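Subject: Two-chain model, handover and notes

Hello,

Here is the structure for your files. My notes follow below it.

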Amino acid sequence: MHRRSILLVEDNPDDEALALRALKQNNIINEVIVAHDGVEALDYLFRRGAHAGRDASKQPAVILLDLKLPKIDGLEVLKLLRADEHLKLLPVVILTSSKEEQDLINGYRLGANSYIRKPVDFTKFVEAVRQLGVYWLVLNEPPPGNGTQQGKIGN
Amino acid sequence: MAIVLPAGLRGRLVALVLLAVVPAFGLIVYNAVEQRTAVALNARNDTLALAQLVAAEQGRIIASTHQQLRSLTQLPIVRRPAWHELCAQTLAQVLKQHAQYINVGVIDPSGDVRCSAVPSNQRVNLGDRPYIRRTFETRDFASSYQIGRITGKPTLSIAYPIIDDTGQVEGAVFIALNLVVLFDDLIRTVSLPEGTTLTILNSEGAILARHPDAPAWVGKSLPETELVRTIVAQREGTAELAGLDGVEKFYAFLPLRVVPDINAYISVGIPREIMFAPVNSALARSLAWLAVIATLAGAAAWFGARTLVLRPVSALMTAVTRLGRGDLSARTGLAHDSGELGQLAYRFDEMADALEGSQTLLYLTEAERRIGAARFENIVNAAADAIISIDAGQRVVLFNPSAEQIFGYRANEVLGQPLDLLLPVRFCEAHRRHVQGFGHAPETGRHMGEREELTGRRKDGAEFPVEATISKVAADGQSVYTAILRDITARKRAEQAIREKDRLLTTVGTMAKVGGWEFDARTRKGIWTEEVARIHDMDPKDETTVEIGLRFFQGESRKKIEAAIKGAMENARPYDLELEMTTAKGNHKWVRTIGQPVKEGDAVVKIWGSFQDITERKHAENQIRQLNMDLEERVRQRTAELEVANKELESFSYSVSHDLRAPLRGIDGFSQALMEDYADKLGDQGKGYLQRVRAASQRMAELIDDMLKLARVTRAPMQHEPVDLSTLAHSIVAELQRTQPHRSADVAIEPGLNASGDPRLLRVLLDNLLVNAWKFTGKQLHPKIEFGAHHNNGTLVYFVRDNGAGFDMKYAHKLFGAFQRLHTIAEFPGTGIGLATVQRIVHRHGGRAWAEGTEGHGATFFFTLSPEPAQTPA
């Protein structure tokens, strides 16, 4: 059974490690693709550079997008994504440090599906990731035409 | 005793007239007495006639009653005792037919009533009644005035015996006549004078019938009264005495002869007052007429006396008095008729004529001299100027009323005194010489002192300026000098006032650098004040013309002033210009000139106006303009700087928001990872330390969040709109209650508190204060929180009060500092950012925040949301 992947866009290696740990602790065993900056994320999604020739049908079930990124920042990534005919329906969850008003407004205006602030308290973070997984990988019906398989939580 | 007569002629005349009325008065009174005697006699006759009439009427009724009785005794039903019921019915019929009857009945020989028209419930025996006994004895009619035993009313009862065929008396029939009804009938047929009383009484003095007021009198027994005694003694006659009711009356009385014996009398009384009323009123009328006649006669005498006697006498007296005073033209002015007064007047006038004729000659010789003197005196007395004459020895010989007024001396205080009295001492000697010099000079009149002002001295020592003319007259070889003086104090004062005003005007003109000018429209010549000349750097004495004036202006200013003058000359248009000029000395100046044309008819004859040096003002204006421009530039710069600073702050906040938290997450997350993955190697203490690392990082995250919040409060753009604070407070409290349902507090929120401000910030403000109050009352048994407002010096002061932990006023100044805390985190959690936020919000609204509290007894936080007029902390 093919589990749908998660695209994690995160430049901070600590955060990356903690996110992966949290996913693991919640038994989310879906493939997690990590992009470390905006360029990398766009390359993956648009199947360019290192990702040229990737299977077009295997798009991630959800993108966990940090905002403050080297080269191209998260909002710019989101904007390009929403401008693309094939990718504009992909669910995007902004997962970032700040809850600055401008970030919230811009994020939603550009078409983010959700906005989650990473708690400092790791326990709370694990809980947040758990709910994220349940919601986006299990409960949420993905938009049609982007892969066939539903995600699954389990071991 | 002597009769005191009035002293005046008038009074005596009136007294005479009144004396003439006295006999008439006596006659009237005598006549009245006579009339009364006649009335009394008549009254006696009238009453007697009335009494007889009543007696006769009674007799007539009794006779007809006898007739009735006789026929009743013949009736079988009356005669037979067994038919007594039928008898009663028949008698009742009889009674009904005769209104005067009160009862009709039949009695046995024993006296028992066998049957009667008025039924009686019990057995009634009339055997003891004298008239019954008598009728049985005499076998004839018997009657009596009495009170009915069955009816209880005053009656005249008459009985007649029933005699059977054998001649035995077997009973009697009686009829009781109602005396009240009898009287009423009588009164209807006879007209009685008002107040007349009719009384029937028996020889014992008991009243059997009475008109009027029968109920009040009948049945009373009054044997001791004078009236009863008189009647019983005289039996028949008349009397004049007080009646039973106490009213004086004429009485007539006589016995009523009804049966052989007499047992009753009729008495008729007419009140004296009624009888005498016509006589008395005639007397009153006569006396009233007499009084009117006497008054009229007296008045006629009073007024007649003036015309006929007093006026001629007083004319005579006036003439005599005038003559006595020496007025020889006095005459009586009365007609010289043949009467005593006319003759007296004639003699007097004749005498006055003679006296006057002898005096006229004497008078004419004196007249001319007198007229000359009087005219001179009049002039001197009436003159408004002081006129003073002195003789050769310089002593005052004439001092007129104006001189008195001016110098304050009475003429008699000055006459004969040296002139020095009227001069200040320091001038006396000089003046004396001056007068002497004048005495030798040939002229007779000139101004004294040649327009030099002299000084006079008043009685009170005050000196005053005078203007004088002096003249010299030689009389009887002596020189007399006469001075005409005028007090010119008022004039001097007015001159002084004008001079002072002029000086003021000049000074003000110099200070304000303003002056006036005018020039003639035809000649184009002008004048200007000193200040205007000075502004031009010209000599004030220099002549000026329109053309000279124009020379000081060049270029644009020249064009403007020429056009303005043209407009003023031709169209009478006023002008007000600010112009640049170059003065005679080449100085550059700004001036303001205002011109006002003056018209005579349609033509402008002159223009006048003001001229002011406004150079300084112009410089100041230029400076202000420059300063304003600088200021605007500076504001622009500052605003730009501020915007840059704000931008920087914003990006700083942004960066803090993102970057400062990430490491904390690492610290917390990996500490947790350590605890999970290496739990066995760490031991409890190690885990404890890691726990602390996590707690610290989390707290730091909180601090960062609060710091950002505070920064946001400062940065956020402000909006101003009405905000309902009361509703806001309610919703905050409701939210607190919802999140902490285990807590309860007594919360009082004043309704209708409104403010104008930023709704989001005001929510943050109230949220902080109410959350604080909620938090710090957490350890109270009965927490109380109050939100309200009051007015203080015109400013609305809001407050949030609680009865919680409170604080020491020593630290009040620290309360509003960022991250300042007065309690440990263990006691009350928090970062110490709340009140700093409150203060910033309040400041952004232009208000002020302060607090009052006592440690352990609660705190009150006050704030205003608008600037206060006077900063007096509550």
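What share of the contacts in chain B with a separation of 6 or more comes from residues 24 or more positions apart? The share is 54%. Contact here means heavy atoms within 4.5 Å.

First, the ground rules. This is a predicted model, where local features need pLDDT of at least 70, side-chain atom pairs count only at pLDDT 80 or more, and totals for chains, interfaces and linings use all residues. Residues are numbered from 1 along each chain as its sequence is written, chains are lettered from A and ligands numbered from 1 in the order in which they are written, and side-chain values use heavy atoms, with hydrogens and water left out.

Chain B

Chain B contains 22 helices and 29 strands. These are DSSP runs numbered from the N terminus: helices are H or I with at least four residues, strands are E with at least two. The radius of gyration of chain B is 70 Å, well over the 29 Å from the globule rule for 874 residues, so chain B is more spread out than a compact globule. That radius is taken over C-alpha atoms, and the rule is 2.2 Å times the number of residues to the power 0.38. Along the principal axes, the C-alpha atoms of chain B fill a box of roughly 175 × 160 × 60 Å.

Of its 874 residues, 39% count as buried. Buried means under 20% relative accessible area, exposed over 50%, and partly exposed in between (1.4 Å probe, protein chains only). Chain B exposes about 49600 Å², with 56% of it supplied by carbon and sulfur atoms. Areas come from the Shrake-Rupley method with a 1.4 Å probe; for residues, only the protein chains shown count as cover.

Cores

The largest nonpolar core has 42 residues, and Val104(B), Ile200(B) and Ile266(B) touch the most other members. Helix H2 (residues 22-73) of chain B gives the most to this core, with eight residues. Apart from it lies another core of 38 residues, including Leu770(B) and Phe816(B). A nonpolar core is a set of buried Ala, Val, Leu, Ile, Met, Phe, Trp, Tyr and Cys residues joined through side-chain atoms within 4.5 Å.

Ile200(B) has contacts beyond four places in sequence; among them are Gln58(B), Tyr145(B), Phe183(B) and Ile266(B).

Single residues

Asn178(B) sits in strand E5 (residues 169-178) of chain B. Asn178(B) is buried, at a relative accessible area of 11%. Leaving out residues up to four places away in sequence, Asn178(B) touches Gln100(B), Tyr101(B), Ile102(B) and Pro154(B).

Arg410(B) lies in the loop between helix H11 (401-407) and helix H12 (411-414) of chain B. Arg410(B) is exposed, with a relative accessible area of 53%. Arg410(B) and Lys459(B) are 49 residues apart in sequence and 9.6 Å apart in space, C-alpha to C-alpha.

Chain A

Chain A has five helices and five strands. From the N terminus on, they run β-α-β-α-β-α-β-α-β-α. The radius of gyration of chain A is 14 Å, close to the 15 Å that the globule rule gives for 155 residues, so chain A is as compact as a globular protein of that length. The C-alpha trace of chain A spans about 40 × 40 × 25 Å along its principal axes. Of the 155 residues of chain A, 52% count as buried.

Best regards
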